[in-house]
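Open the model in your viewer and keep the selection tool at hand. This tour goes from stop to stop, saying what to select and what is there.

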Amino acid sequence: MSHSSLSSAAAGRSPVLPGATLGVLGGGQLGAMFASAARRMGYRVEAVVDHADCPAARHCDRVHVGLLDDPARLVELGRRFAAVTYEFENVPVAAARALDGVVPVRPGPEVLFTTQDRGREKAFLVAHGLPCAPHSLVRSRDDLVAAVARTGLPAVLKTCASGYDGKGQRRIDSLAEIDAAWGALGPAELVLEGWVPFAGEISVVAARGLHGETFTWEPSLNHHRHHILDCSLVPSGLPAATIDGARRMAERILEALDVVGVACVEFFVTADGGLLVNEIAPRPHNSGHLTIEAAATSQFEQQVRAVCGLPLGSTTLRAPAAMVNLLGDCWEMGEPDWTAALAVEGVSLHLYGKSAPKPGRKMGHLTALAASVAEAEAAARTARRALARGAVG
Ligand code: AMP
């Protein structure tokens, strides 16, 4: 693209049009699915990654290895791009801020700053009157003892930074477990959260455009296993008031954070239908993967539209859907039986191209569409079971 069109994009208001080069920070499956949507729409995509052998590399025009910790080189590289987004929230904020000086980073660096630290995220929620679990910041063993006295037990101790999929978390059920929890996670900035006896977990994937317009997809009902998302179902079957409340709260959060892009808000639903915000991710989310097949616009196409300042697409659901994750565990008995899984009607396969199927590692997912969410869930689970039954090797 020409220098003049790049500077007008940097000025922030003109749309970045197909043909331009987009940068994505991070090389995982979310970057791969963003790149694939962007290239379908005529963009070039280059990813800034840790390893050349990553899921995004197979879908991008080019990858740049190892620049995330080098703001000066990153800024130099940023001049090639018309807009930059990211696919994980642990991008160094200093790097995102420096980059934002030469090319629009969307969502902006301050969104990253707030959401990559559980303590700052909780402070943001409290400051905006948004409900979340009772919690206290913990910096020492004494803080932890005091926090347990305030919050009560059971509780869960979490690292403020770099936690995902249950990593950096420790449940505390009795006073005798305090030392072990501190020993496992401290010394570090931590947050102690009261354990929420939730009736369910839902998430709302939402998008906000350059001019402040906000779209949300139907919330998905999420089931986790060992703290990792296992299955997402849409529609959630929850009462309309809960669904509307969650969608409105997600919109408020994107507005208050001034997000331009896609973000996901995860909620605990209490027995009386109340909502507590658990986490905000400033990027597409695993629970939104089913939008690829089930919605008029997928979360990844929407990310492209939002980041490029284009009109956002409809989030209407086309059919009830279920998504089940495929972890490395599926390879335990040998190569999974893909033929058996794909013989199940309505099922689509997504594999991320990761070479080493380690237990707990997200390798891919299956999405099923059907006439009802119960049938979609049954199809997705049947297909996943079929992988193991017919495994060869
Ligand atoms: P997180 O990484 O904070 O999203 O936690 C991963 C999963 O652990 C959540 O989706 C819940 O299933 C569970 N979890 C985390 N925090 C709590 C809590 N305070 N109360 C109950 N369950 C929790």
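**Stop 1: H7 and H8**

Select residues 141-151, helix H7, and residues 178-185, helix H8, in this predicted model. The two helices pack at an angle of about 130°, and their axes are 10 Å apart. H7 is therefore oblique to H8. The crossing is right-handed.

Now show side chains. Which residues of H7 and H8 make the contact? From H7, pick Arg-141, Leu-144, Val-145 and Val-148. From H8, pick Ile-178, Asp-179 and Trp-182. By class, this contact of H7 with H8 has 5 nonpolar and 2 charged residues, with no polar ones.

**Stop 2**

Step past H7 to Pro-154. It sits in the loop between H7 and strand S6 (155-159). Zoom in on the peptide bond from Leu-153 to Pro-154: it is cis, and its omega is near 0°.

Then step past H8 to Pro-187. This proline lies in the loop that runs between H8 and strand S8 (190-194). Select Gly-186 along with Pro-187, and you have a cis peptide bond with omega about -10°.

**Stop 3: the ligand**

Select the ligand and the residues around it.

Next, draw distances from ligand oxygen atoms to polar side-chain atoms.

- Glu-201: a polar side-chain atom lies 2.6 Å from an oxygen atom of the ligand.
- Asn-278: here the distance from a polar side-chain atom to a ligand oxygen atom is 3.0 Å.
- Glu-279: a polar side-chain atom is again found 3.0 Å from an oxygen atom of the ligand.

**Stop 4: His-226**

Go to the loop between strand S11 (220-225) and strand S12 (228-234), and select His-226. Check its backbone. What is the phi of His-226? It is positive, about 50°, although the residue is not a glycine.

**Stop 5: H2 and H11**

Select residues 29-40 for helix H2 and residues 299-307 for helix H11. Their axes come within 8 Å and cross at roughly 65°. H2 is therefore roughly perpendicular to H11. The handedness of the crossing is right-handed.

Colour the contact residues. On H2 they are Leu-30, Met-33, Phe-34, Ala-37, Ala-38 and Arg-40. On H11 they are Phe-300, Glu-301, Gln-303 and Val-304. Sorted by class, the contact of H2 with H11 gives 7 nonpolar, 1 polar and 2 charged residues.

**Stop 6: H3 and H4**

Finish with residues 71-78, helix H3, and residues 93-100, helix H4. At what angle do the axes cross? Roughly 35°, and the axes come within 9 Å. The crossing of H3 and H4 is right-handed.

Show the side of H3 that carries Pro-71, Leu-74, Val-75 and Gly-78. These residues meet Ala-95, Ala-98 and Leu-99 in H4. The contact of H3 with H4 holds 6 nonpolar residues and 1 polar residue, and no charged residues.

Key. Residues are numbered from 1 along each chain as its sequence is written. This is a predicted model: local features need pLDDT of at least 70, side-chain atom pairs count only at pLDDT 80 or more; totals for chains, interfaces and linings use all residues. Side-chain values use heavy atoms; hydrogens and water are left out. Axes are lines fitted to C-alpha atoms, for helices over the stretch in contact, and angles run from 0 to 180 degrees between N-to-C directions. Helices (H or I, at least four residues) and strands (E, at least two) are DSSP runs, numbered from the N terminus. Angles under 35 degrees count as roughly parallel, over 145 as roughly antiparallel, 65 to 115 as roughly perpendicular and the rest as oblique. A crossing is left-handed if the near helix is turned anticlockwise from the far one by less than a right angle, and right-handed if clockwise. Contact means heavy atoms within 4.5 Å. Ala, Val, Leu, Ile, Met, Phe, Trp, Tyr, Cys and Pro count as nonpolar, Asp, Glu, Lys and Arg as charged, and the others, Gly among them, as polar. A polar contact is a pair of N or O atoms within 3.5 Å; within protein, one must be able to donate a hydrogen and the other to accept it, and residues adjacent in sequence count only if both atoms are side-chain atoms.
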